[in-house]
Amino acid sequence: IADRREGIGVCGWILVSLSFFLLLITFPLSIWACIKVIREYERAVVFRLGHVLSKKAKGPGLILVLPCTDTFIKVDLRMNTCNIPPQEILTKDAVTTQVDGVVYYRIHSAVSAVANVANVHSATFLLAQATLRNVLGTQSLAQLLAGREEIARSIQAILDSATEQWGIKVARVEIRDVRIPVAMQRAMAAEAEAAREARAKIVAAEGEMNASKALKQASIVLADSPAGLQLRYLQALTTLAAENNSTIVFPLPINMLESFRQKNRGG
């Protein structure tokens with residue numbers, strides 16, 4: 001509709017001429033009714049006998065509107081927010097969630113926003129709501145929880161492409177909250193706790209294996225050096241004496257026990 005170039009016809013020009021004539025004979029009183037002030041963040045779409053006067057909206061500043069033949073609609077170009085209420089969504093892996101979000105958009109073409117759609121804000125809200133449900137329905141719960149930014153960019157691209165003919169520019173889409181059932185939260189917490197316990201057991205087992213290897217190497221070194229074994233005994237005594245002075249530990253060599261055992265067998 002905004003691209004039509006049909007003229008107003010002969011009758012239209014006659015009416016416009018009469019309007020100019022009425023403006024001149026009532027000047028300067030009529031000038032106060034014909035001059036309109038458009039703010040910096042606004043644009044005016046002027047209709048003359050039902051036709052869009054120009055492809056480009058007028059403003060900001062002063063504009064002239066002819067009496068009886070011209071009407072105009074103000075359009076706000078500032079950023080708007082569209083709050084999407086919580087939506088009941090069934091994810092790809094059959095988990096029911098509630099997701100809400102917010103869409104930031106602005107009107108970049110006032111003529112398209114007025115001429116191509118009846119209520120641009122309502123249409124954008126309903127489209128954002130439907131797009132959120134459609135996109136999140138193709139994602140699993142893990143993807144939804146971990147990839148919010150990527151999903152938001154996908155929704156933004158879809159909305160921006162769909163609202164281009166409406167004169168809308170979608171600046172940003174945010175997924176604010178993802179709510180899952182309490183039973184599912186408990187199951188996820190139990191799963192995470194079990195995974196942490198499994199990792200802890202693996203780490204403990206690896207530590208035991210490394211310790212056993214180190215003890216094996218130490219036993220080989222001590223077996224080759226009897227003096228080193230005696231020094232290790234003395235070091236253990238020093239450690240025990242520092243912790244508990246009332247305890248006296250006397251190391252008994254294993255070789256002495258072996259000699260007593262052989263004598264008992266021989267006797």
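A residue is called buried when its relative accessible area is under 20%, exposed when that area is over 50%, and partly exposed in between, with a 1.4 Å probe and protein chains only. The model is predicted, so local features need pLDDT of at least 70 and side-chain atom pairs count only at pLDDT 80 or more, while totals for chains, interfaces and linings use all residues. Residues are numbered from 1 along each chain as its sequence is written, and side-chain values use heavy atoms, with hydrogens and water left out.

At 76% relative accessibility, Cys-68 is exposed, whereas Cys-34 is buried, with a relative accessible area of 2%. A disulfide is taken to be a pair of cysteine sulfur atoms within 2.5 Å, and the structure holds zero of them. Cys-34 takes part in none, the nearest cysteine sulfur being that of Cys-68, 9.0 Å away; seen from Cys-68, the sulfur of Cys-34 is likewise the closest, and that distance is too far for a bond.

The helices come next; helices (H or I, at least four residues) and strands (E, at least two) are DSSP runs, numbered from the N terminus. The expected span of a helix is 1.5 Å times one less than its number of residues. For α6, with 15 residues (148–162), this gives 21 Å, and the end C-alpha atoms are 21 Å apart, which agrees. Buried in α6 are Ile-151, Ala-152, Ile-155, Leu-159 and Asp-160. Seen down the helix axis, these buried residues fall within an arc of 165° and so line one face of α6, the arc being that of the directions from the axis to the C-beta atoms. The face turned away from this buried side carries the exposed residues Glu-150, Arg-153 and Ser-161. The cover over the buried residues of α6, where contact means heavy atoms within 4.5 Å, includes β7 (96–107), α4 (120–136), α5 (141–146) and β8 (168–179).

Helix α4 has 17 residues and reaches 24 Å from its first C-alpha to its last, close to the 24 Å expected. Its buried residues include Val-120, Ala-123, Leu-132 and Leu-136, and among the elements that cover the buried residues of α4 are β6 (80–90), α3 (110–115) and α6.

Two local details remain. The charged end of Arg-78 sits over the ring of Tyr-41, 3.9 Å from its centre; the criterion is that NZ of Lys or CZ of Arg lies within 6 Å of the ring centre and within 35 degrees of the ring normal. Ser-54, in the loop between β3 (51–52) and β4 (61–64), is partly exposed at 32% relative accessibility, and its C-alpha is 8.5 Å from that of Val-111, although the two residues are 57 apart in sequence.
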